[in-house]
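Student: I have a structure to study and would like to go through it by question and answer. Can we start?

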Amino acid sequence: MLDLLIKSARLLGESAPRDVAIKEGRIVEIAECIEQEARHTVRAEGKWLFPSFANMHTHISMSLFRGLGADLPLADWLQKVIWVLEGEFVSPEFVRDGALIGVAEAIRSGTTLFMDMYFFEEAVARVAEQAGIRAGLGFGILDFPTKVAKSPEEYLQRARSFIQEYKNHPLLFPVVCPHAVYTCSPQTLKKSLELALQEGVYLHTHIAETQQEVEACVEKFGKSPVEHLHSLGLLGEKTLMAHVVWTTEEERELIKETGAVVVHCPESNLKLASGVAPVSDYVRRGIHVCLGTDGPASNDNLDMLEEMSLMVKLQKGTQRDAKAMDARTALHIATESGFKAVGIKAGKVEVGYEADLILLDVQKPHLQPLYDPVAQLVYSAHSSDIDTVVCKGKVLMEKGELKTVDLQEVLFLAKKWKDRIESFLGSKILN
Ligand SMILES: [Zn+2]
């Protein structure tokens with residue numbers, strides 16, 4: 001008995017529709033006609049089957065701050081808006097409700113894995129678990145006190161107990177998240193590394209996001225952020241570095257040699273005016289690159305289709321070279337490369353791969369005529385064209401309808417927090 005059977009989907013490299021059989025979370029057979037019985041069957045006539053997306057850097061609960069301080073640069077946005085609001089509002093309830101809104105959005109736009117860094121991650125874990133979406137979750141570790149912890153030791157302790165609770169979960173995995181070189185002392189960064197090594201988990205941090213960060217790091221430590229992390233031993237294959245916008249030739253070689261992973265967040269980097277990461281150069285050098293949206297309050301959404309399209313066009317446009325990056329590379333970066341960075345064999349529609357999949361409805365004027373499905377996925381499709389989403393063999397959305405998240409609850413919670421946050425802000429101007 002199969003768990004899921006997808007009938008008559010169009011697949012890349014196949015001239016006619018195919019059936020795809022899924023058992024225990026994996027693709028077990030792809031053939032012209034599979035007759036075997038299945039617990040659930042999805043009819044996919046007229047739709048294309050692609051791998052789902054891996055959003056490798058976000059702060060999902062920040063969906064509740066979406067649109068606030070919309071036109072500020074990073075330092076002002078953090079200091080004048082985000083840290084003020086977080087000081088007032090962040091609680092397990094806030095994190096849980098924000099995560100539910102974010103998870104609903106992520107599923108609807110075809111994402112089945114997100115890497116999160118925030119506070120009260122137990123609340124995100126419960127939402128992700130119920131929704132059936134994969135997530136790599138980590139408590140942000142900082143030097144300064146917040147509602148979550150008073151000292152770096154206390155943050156690390158919270159991170160340690162979270163790791164122990166979620167270490168062997170089928171969908172979730174804990175991660176150690178020192179926030180950045182400008183919010184963590186060398187001591188805190190080293191202790192974060194020790195914790196990750198002891199527990200055998202991934203490290204996830206922000207690095208080289210703005211020129212200002214690089215200059216301040218050089219002034220303080222005599223090294224750039226990447227060199228600084230390397231000198232503390234933090235660069236390695238199990239380290240995911242969000243942003244990496246500002247790097248020298250030497251630093252790029254260092255990243256390549258150590259196997260550290262770059263998580264490119266083009267839209268957040270543009271919106272916060274941080275710059276454009278030289279990501280096609282990273283790819284050419286053989287650096288492991290994946291893609292993330294960053295939090296929904298600096299993007300301002302979790303749409304990986306949009307992110308992928310923007311990534312390619314930015315590289316072409318800033319280099320004035322149409323070959324700087326192509327649609328196939330973009331799709332690989334947004335899918336298989338992300339999953340691979342955290343040891344998950346997904347991101348391809350092939351037998352033996354995890355069944356993390358989307359069905360794209362191409363019966364729409366903006367997707368017709370359909371000559372090149374990959375180019376049209378990257379350059380023409382909207383996330384609203386995603387009809388069905390499967391994570392580890394489980395259907396999370398079918399024919400546009402969420403199966404594991406209550407959309408009415410999502411909208412109700414958004415309204416509840418809008419009222420609370422607006423009444424706190426009063427007449428304060430955020431832009
Ligand atoms: Zn971030």
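Student: How many bridges join strand β14 to strand β15?

Tutor: This is a predicted model: local features need pLDDT of at least 70, side-chain atom pairs count only at pLDDT 80 or more, and totals for chains, interfaces and linings use all residues. Residues are numbered from 1 along each chain as its sequence is written. Strands (E, at least two residues) and helices (H or I, at least four) are DSSP runs, numbered from the N terminus. Strand β14 covers residues 357-361, β15 covers residues 386-391, they run antiparallel, and the number of bridges joining them is 4.

Student: Which residue in β15 is the bridge partner of Leu-357?

Tutor: Two strands pair if DSSP finds at least two bridges between them. For Leu-357, the bridge partner in β15 is Val-390.

Student: Which strands are the edge strands of the open sheet of 5 strands?

Tutor: The pairing in this sheet is antiparallel, and the order is β5-β14-β15-β16-β17. An edge strand here pairs on one side only. That gives β5 (47-51) and β17 (401-402).

Student: What distance separates the centres of domain 1 and domain 2?

Tutor: Domain bounds come from an automatic or database domain assignment. Domain 1 is 2-51 + 355-402, and domain 2 is 53-341. Taken over C-alpha atoms, their centres are separated by 29 Å.

Student: Which element supplies the largest share of the side of domain 1 that touches domain 2?

Tutor: Contact means C-beta atoms, placed from the backbone, within 7 Å. By that test, 19 residues of domain 1 touch 22 residues of domain 2. α14 (373-379), β15 and β16 (394-398) each supply at least two residues of the domain 1 side. The largest share, 5 residues, comes from α14.

Student: What share of the 431 residues counts as buried?

Tutor: The protein has 15 helices and 17 strands. Of its 431 residues, the buried share is 55%.

Technical notes: Two residues are in contact if their C-beta atoms, placed from the backbone, lie within 7 Å. A residue is buried if 20 or more other C-beta atoms lie within 10 Å of its own, exposed if 12 or fewer, and partly exposed in between; C-beta atoms are placed from the backbone.
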